[in-house]
Amino acid sequence: MLLPAGGVGMTSTMDDINLIQQAQRHHLVVRELGEEIDLEIGPGDDDPSFPHNSLLGVQPHESSAKEHAENKLMMGSQLPNEDHDLSKAQTGKRKKKVVKRWREEWADTYKWAYVDVKDGTARIFCSVCREYGRKHRRNPYGNEGSRNMQMSALEEHNNSLLHKEALRLQQASKEKIIVDKPIYVKALMSKTAGSIVEAALRRDPHETEFIQSVQEVVHALERVISKNSNYVNIMERLLEPERTIIFRVPWVDDRGETHVNRGFRVHFNQTLGPCRGGLRFHPLMNLSIAKFLSFEQTLKNALSPYRLGGSSGGSDFDPKGKSDNEIMKFCQSFMNELYRYLGPDKDLPSEEMGVGTREMGYLYGQYRRLAGHSQGSFTGPRVNWSGSSLRTEATGYGLVFFAQLMLADTNKELKGLRCAVSGSGKISMHVLEKLIAYGALPITVSDSKGYLVDEDGFDFMKISFLRDIKAQNRSLRDYSKTYARSKYYDEAKPWNERCDVAFPCACQNEIDQSDAINLVNSGCRILVEGSNMPCTPEAVDVLRKANVLVAPSMAAGVGGVIAGELELKECNLNWSPEDFESKLQEAMKQTYQRALKAATDFGYQKESPEALVHGAAISAFLTIASGMADQGCA
């Protein structure tokens with residue numbers, strides 16, 4: 001009779017112990033990416049008050065060693081007071097219900113966290129950055145179960161630099177082009193030229209955008225490099241930026257909370273003169289993009305009528321959804337570090353993605369205040385303190401002028417041609433304006449969510465309506481509610497629409513291989529690059545084989561450089577729109593002729609789809625190489 005009673009007593013004892021242990025630690029189950037995660041939250045030791053303030057009101061253990069000793073003692077005994085243990089079991093059951101209710105209530109707030117043991121202690125870790133500690137809680141001495149404390153902790157963590165950087169790296173790893181192929185370029189290149197790309201890959205293997213840009217330029221320079229071996233050394237020196245500046249940008253939002261972003265500025269090459277280049281504010285901005293943009297800008301400036309170096313930069317700050325006051329504070333903090341590297345004889349920034357008239361005004365105001373003078377100006381801000389009245393239009397108008405020059409060489413014109421345009425920013429809107437002025441039929445614009453097509457084509461009234469939609473941060477989808485012959489397509493690009501000329505003006509690598517095939521099948525014969533490097537290497541190959549004429553951005557996009565220097569050097573002159581356009585057209589014509597001449601000098605036929613791409617790179621490189629050779633190893 002004693003043995004069965006002892007067996008029952010032992011079973012009861014084990015159940016009681018389990019219930020007590022469950023009451024002392026609580027579990028939280030959340031679903032993340034379809035996977036169920038069991039979070040077991042226990043007291044941490046990074047907070048002096050936390051162990052004495054348990055979420056469930058359960059007294060914490062004194063030590064793990066003592067706990068194991070007591071457990072062994074209880075299991076070896078016959079439990080002299082079974083009624084007392086029964087009351088413990090009931091308490092455990094009651095507290096288990098509390099845990100369940102807590103679990104359901106707070107599951108959402110813990111989707112960003114998980115629990116793991118570090119140095120023998122249970123810690124709450126961030127699911128993204130795999131870090132723990134009080135930097136992930138707004139108040140390190142608060143109750144972990146408090147609704148306000150948890151929500152503020154989540155909000156602060158999501159705004160922390162550590163978390164944002166982890167998210168950016170995750171996003172980049174999903175979207176980046178895998179840099180496993182100088183092979184694609186090697187198949188078309190000599191061994192000497194291929195060695196330049198291999199050296200760049202060894203030095204910067206993770207900078208995908210920069211490596212892609214290097215591959216395209218080196219491929220265009222293959223015949224130049226093969227004729228003069230000295231250019232190999234010059235190219236290797238050119239591919240290393242003269243100066244790279246990376247800095248933190250702390251700022252305070254309207255709620256009084258502090259944020260930190262990362263700022264970049266790359267002075268790529270100043271052989272020909274002081275730097276000029278854009279500033280981009282975008283959450284995916286990184287060093288690779290800054291180097292790629294500054295490299296492209298260096299070649300673009302060398303191709304212009306002016307002697308200028310190239311630069312670019314920006315920040316991973318996202319201006320979308322920010323108030324004017326928040327953007328002003330960020331721009332002022334950004335300029336607090338950058339101003340010492342700027343000046344008319346050093347470097348002057350211009351508008352780029354995410355940076356418009358408002359941002360440039362704030363940046364220039366802080367620069368003037370810190371520098372103590374107003375000599376020169378940034379390119380892009382308002383006419384009453386910067387110069388020419390057509391600065392913002394110059395890049396978009398220049399693209400259309402360049403397309404007209406290409407068509408004129410084939411005895412054609414833009415009038416009546418269907419044109420597909422991507423993007424809906426400043427450049428895209430000005431492209432639409434000038435296409436309409438030339439009698440063309442622009443039919444598409446796009447944003448990050450999809451594209452809009454109007455079979456009747458856009459006119460000046462419709463463009464004004466599009467600008468109002470963008471100014472109010474509305475979707476392009478609202479346009480189709482007003483114009484019945486238009487339609488908005490979600491998660492799609494405009495390159496499958498029937499067109500004669502394409503103007504990609506959104507961002508780098510927006511046209512991939514399938515998009516290029518759609519363009520060819522849609523009847524496109526000319527592609528004018530409004531954005532820097534809009535085509536992937538595979539897309540470039542498709543367009544080349546289909547004999548689609550391509551106007552590279554370093555030549556077609558030089559209008560912004562020309563206008564910026566005109567307003568800087570001749571800012572006291574009041575240009576009429578007609579005079580300004582006349583000067584811009586003449587400068588675009590000179591750029592077009594320089595690119596064609598360089599191509600024909602190195603054996604490319606004028607009708608070749610690669611003529612302008614290779615000619616622009618050759619002309620720009622030879623100009624820079626000549627200066628670098630004259631100045632020695634500097």
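Colleague: Is Phe-330 buried or exposed?

Modeller: This is a predicted model, where local features need pLDDT of at least 70, side-chain atom pairs count only at pLDDT 80 or more, and totals for chains, interfaces and linings use all residues. Residues are numbered from 1 along each chain as its sequence is written, and side-chain values use heavy atoms, with hydrogens and water left out. Buried means under 20% relative accessible area, exposed over 50%, and partly exposed in between (1.4 Å probe, protein chains only). Phe-330 comes in at 0%, so call it buried.

Colleague: How are the rings of Phe-317 and Phe-330 arranged?

Modeller: Rings of Phe, Tyr and Trp (its six-membered ring) pair if their centres lie within 6.5 Å; planes under 30 degrees apart are stacked, over 60 edge-to-face, the rest tilted. That rule gives 20 aromatic pairs. Here the centres are 3.9 Å apart and the planes sit at 10 degrees, so Phe-317 and Phe-330 are stacked.

Colleague: Which aromatic cluster includes Phe-317?

Modeller: Phe-317 is buried too, at 1% relative accessible area. Its cluster is made up of Phe-247, Trp-251, Phe-281, Phe-317, Phe-330 and Phe-334.

Colleague: How many disulfides are there?

Modeller: A disulfide needs a pair of cysteine sulfur atoms within 2.5 Å. For Cys-419, the closest cysteine sulfur is in Cys-499 at 7.9 Å, too far for a bond. Cys-499 has its closest cysteine sulfur in Cys-524, at 4.5 Å, which is also too far. The disulfide count is zero.
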